[in-house]
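Please keep the sequence and the coordinates at hand while reading.

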Amino acid sequence: MSQESNPSAATGGAQVLDGKATAAAVRSDVAAGVEALVSGGGRQPGLTVVLVGDDPASQVYVRSKDRAATEAGFRVETVRMPADSAQADVEATVRRLNDEDAVDGILVQLPLPRGLDSDAVTELIDPAKDVDGLTKDNIARLVLGQDGLVPCTPAGCIEICDRHGISLAGKDVVVIGRSHLVGKPFAQLALARNATVTVCHSRTRDLEAHCRAADVVVAAVGVTELVKGSWIKEGAVVLDVGINRGEDGKLRGDVDFEGARERASAITPVPGGVGPMTIAMLLANTLETSRRRQGRG
Ligand code: NAP
């Protein structure tokens, strides 16, 4: 549904961008793509997740990825390694997966246990199989505007805009957060879409003033409701990437949702906004790598 056709926008409340439904639509497109690839004589795409240690949150993420990828028709494998694995053993696993033809996508679940160098492990992933888009090769491609693999969360933010008819061209976009995983790649993607981009961070002097001037606010900070509703310009679009668990056990975003929705034209909720898009984009990336590696891109 486009912003223009959203009935709630006309009554002053923002259109709530439903990430669950959007992610389901992406996953269903991916499943259709997998079916077309296989029925056209191609090989079933393969995704391998490397999970080192037994961090409970990582276990949950990996299970969700496994389920979603299986449902979309992928061949999925999880390589589990003990928390006290040596750096050399984790690196050897990545090298082996680089060499396996049936593996189209490699995802090393982060964070790795303390003592392991995650940058070194990430950098070993074959860029053609780097479905998280975290290798230097793919980062350089993003900056240079070349075809490559884009980190899943910022790609999900763009996809949610695209699928709701929200254009970034010519807009003043404020990104709060400058991580390699979200803030910086999103800023590059928005630039590539002809937005005028400001990246804010913990040393930004007047965050409120930047937000008040923005047509689009993307919050990727990790601080509960840092962005107040009154900071949102009338009619702005708000994408809330933050996932913060409150003392009551409930998940909240980086934006005061109730306050912001009064002023925004469109806003993603937490949970159920950007979050579900991440796995959907992982599947989209894996299908893409598989097509390219099979010469069917
Ligand atoms: P991160 O690496 O911790 O980066 C946080 C960024 O926020 C940093 O650039 C930091 O600035 C900035 N920041 C911290 N406090 C600030 C403040 N008071 N004012 C302005 N900027 C501030 O986090 P991340 O990995 O990007 O994740 C951000 C949030 O998104 C987290 O809540 C995370 O759980 C969530 N997340 C969600 C998904 C998903 O939806 N699937 C995926 C990834 C992350 P400095 O650089 O100056 O320190």
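Glutamate 225 belongs to the loop that runs between strand 7 (216–219) and strand 8 (237–240); helices (H or I, at least four residues) and strands (E, at least two) are DSSP runs, numbered from the N terminus. The model is a predicted one, in which local features need pLDDT of at least 70, side-chain atom pairs count only at pLDDT 80 or more, and totals for chains, interfaces and linings use all residues. Residues are numbered from 1 along each chain as its sequence is written, and side-chain values use heavy atoms, with hydrogens and water left out.

**Backbone features**

The phi angle of glutamate 225 is near 50°, a positive value in a residue other than glycine. With a relative accessible area of 29%, glutamate 225 is partly exposed; buried means under 20% relative accessible area, exposed over 50%, and partly exposed in between (1.4 Å probe, protein chains only). Asparagine 194 also has a positive phi, near 70°, and is likewise not a glycine. Its place is the loop between helix 8 (183–192) and strand 6 (196–200), and asparagine 194 counts as exposed at 55% relative accessibility.

Two cis peptide bonds may be described next. One joins leucine 110 and proline 111, with omega about 0°. Proline 111 is in the loop between strand 4 (105–108) and helix 5 (118–124). Another cis bond, also with omega about 0°, joins valine 270 to proline 271. Proline 271 sits in the loop between strand 11 (266–267) and helix 11 (275–293).

**The ligand and its surroundings**

Which residues come nearest to the ligand? Of the 18 residues around the ligand, these are Arg178, Ser179, Ser202, Ile243 and Thr278; a residue is near a molecule or strand if one of its heavy atoms lies within 4 Å of it. The shell is made up of seven nonpolar residues, ten polar residues and one charged residue. In this grouping, Ala, Val, Leu, Ile, Met, Phe, Trp, Tyr, Cys and Pro count as nonpolar, Asp, Glu, Lys and Arg as charged, and the others, Gly among them, as polar.

| Residue and its N or O atom | Distance to an oxygen atom of the ligand |
|---|---|
| Serine 202, side chain | 2.5 Å |
| Valine 241, backbone | 3.5 Å |
| Isoleucine 243, backbone | 3.0 Å |

Taken alone, the ligand exposes 930 Å², of which the protein buries 68%. Accessible areas come from the Shrake-Rupley method with a 1.4 Å probe, and for residues only the protein chains shown count as cover.

**Salt bridges**

The structure holds 13 salt bridges, a salt bridge being a side-chain nitrogen of Lys or Arg within 4 Å of a carboxyl oxygen of Asp or Glu. One of them pairs arginine 43 with aspartate 104, and their closest N and O atoms are 3.0 Å apart. This pair links distant parts of the chain, 61 residues apart: arginine 43 is in the loop between helix 2 (19–39) and strand 2 (46–52), and aspartate 104 is in the loop between helix 4 (87–99) and strand 4. Arginine 43 is partly exposed at 25% relative accessibility, whereas aspartate 104 is buried at 0%.

Aspartate 104 also meets the side chain of arginine 293 in a salt bridge (2.6 Å, N to O). Here too the pair links distant parts of the chain, with arginine 293 in helix 11 and the two residues 189 residues apart. Arginine 293 is partly exposed, with a relative accessible area of 27%. Arg43, Asp101, Asp104 and Arg293 are linked in a network of salt bridges.

A further salt bridge joins the side chains of glutamate 100 and arginine 96 (2.7 Å, N to O). Glutamate 100 is partly exposed at 29% relative accessibility, and arginine 96 is partly exposed at 38%.

**Domains and separation**

The chain is divided into domain 1 (43–126) and domain 2 (151–276), with bounds that come from an automatic or database domain assignment. The C-alpha centres of domain 1 and domain 2 lie 29 Å apart. Valine 237, in strand 8, is buried with a relative accessible area of 4%. Its C-alpha atom is separated by 32 Å from that of aspartate 66, 171 residues away along the chain.

Notes:
A polar contact is a pair of N or O atoms within 3.5 Å; within protein, one must be able to donate a hydrogen and the other to accept it, and residues adjacent in sequence count only if both atoms are side-chain atoms.
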